[in-house]
Amino acid sequence: MLVLLGPGCSTDQETANLPPAAEVKAPPVASPFQQELDRLGVPLRLPARGKAIVVNIPAFELIAFRDGMPELRSRVIVGSPRNPTPVVETHVSAVRFRPRWRPTPSMIASGEYADKIWPPGRKNPLGLAAIRLGEGFLIYLHDTNRRSLFEREARALSHGCIRVQRWDELIGWVLDIDLDEVHRHANGRRTFDVQADPIPVYLGYFLRFPQGDGAVAEFADVYRLGTSLGPQRDATYAASDATCAGG
């Protein structure tokens, strides 16, 4: 006899092929911070598990997240309106201690920097360490030799790179090492890279964003985009004036 199955019905064989209920994993619940982002309409989706780094360009702020909740916040300096920091999704690739640096041709032409290779050390524009991002991506998260600029309220001052006030704490967090070890490497005598886990990095443009005290802050539209903009996953980024140059 032919048996007709209605919607939602299945044969015994199909039922036998289903995994036991205990093996069916529910999707991770969004963190309270993600729920607040969703409530505010912020175009950002954080990983529910693991680490992530968010740079909110108009807020001049970097936030390190674990399991969707903030663990570290730092003031940053971002690209100027003339050399804006790109709004993209990328990832950590390595940490370079005691980087060398050479300015781009446009930096040299502006008279801001001399045409030379800057040796490692405190006077280097990349400071004592830099977090390198995706392959071929010439925007870094780095220390700086001009730390006094973090005291300014408006910090769209760079050629596209992101200078991080709490760079040493961020590197310790990225590499899972203590602050003493970060400082030992940063103040050592050699330049070297440490490979890092591919932690997602979101360079976003959010005109409203939750603060550490639970309040919601609104920020000036420094690039005059007219709206918040989430990081573009498939964006291609060609080296241009918005770059840290050689490190």
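I took a cavity to be a set of grid points where a 1.4 Å probe fits but cannot get out, with lining residues having an atom within 4 Å of a point. The model I examined is a predicted one.

**Entry 1: cavities**

Searching the whole structure, I found two cavities of 30 Å³ or more.

I looked up the second largest cavity, and its volume is about 30 Å³. I listed its lining as A129, I131, L141, H142, D143, V164, W167, L170 and I171. Two or more of these lining residues come from each of β6 (129–132), β7 (141–142) and α4. I noted that α4 contributes the most, with three residues. Sorted by class, the lining of the second largest cavity holds seven nonpolar residues, one polar and one charged.

I then turned to the largest cavity, for which I recorded a volume of about 140 Å³. Its lining is made up of 16 residues, and W101, Y113, P125, H142 and R163 are those nearest its centre. By class, I counted seven nonpolar, seven polar and two charged residues in the lining of the largest cavity. I marked H142 in both places: H142 is named in the lining of the second largest cavity, and H142 is also named for the largest.

I next followed strand β2 (residues 61–66) and its partners.

On one side I looked up strand β1 (residues 51–56), which runs antiparallel to β2 and is joined to it by six bridges. Within this pair, A52 has F65 of β2 as its bridge partner. The hairpin of β1 and β2 has four residues between the strands, and F60 in the turn shows a positive phi of about 55 degrees.

I then checked strand β3 (residues 69–79), which is antiparallel to β2 and linked to it by six bridges. Here R66 stands opposite M69 of β3. Two residues separate β2 and β3 in their hairpin, and D67 in that turn has a positive phi of about 55 degrees.

D176 is not a glycine, yet its phi is positive, at about 55 degrees. I placed D176 in the loop between α4 (167–175) and α5 (179–186). D176 is exposed, with a relative accessible area of 58%.

R224, also not a glycine, has a positive phi of about 55 degrees. I located R224 in the segment after β13 (216–218). R224 is exposed as well, at a relative accessible area of 78%.

Key: Residues numbered from 1 in each chain as written. Predicted model: local features only at pLDDT ≥ 70, side-chain atom pairs only at ≥ 80, totals over all residues. Heavy atoms only, no water. Buried < 20%, exposed > 50% of the residue type's maximum accessible area, 1.4 Å probe, protein only. Pairing = 2+ DSSP bridges. 1 Å grid on protein atoms, 1.4 Å probe; cavity = no way out; pocket = protein on both sides within 12 Å on 5 of 7 lines; lining within 4 Å. Points joined across faces, edges and corners; volume = space filled by probe spheres on them. Nonpolar A, V, L, I, M, F, W, Y, C, P; charged D, E, K, R; others polar.
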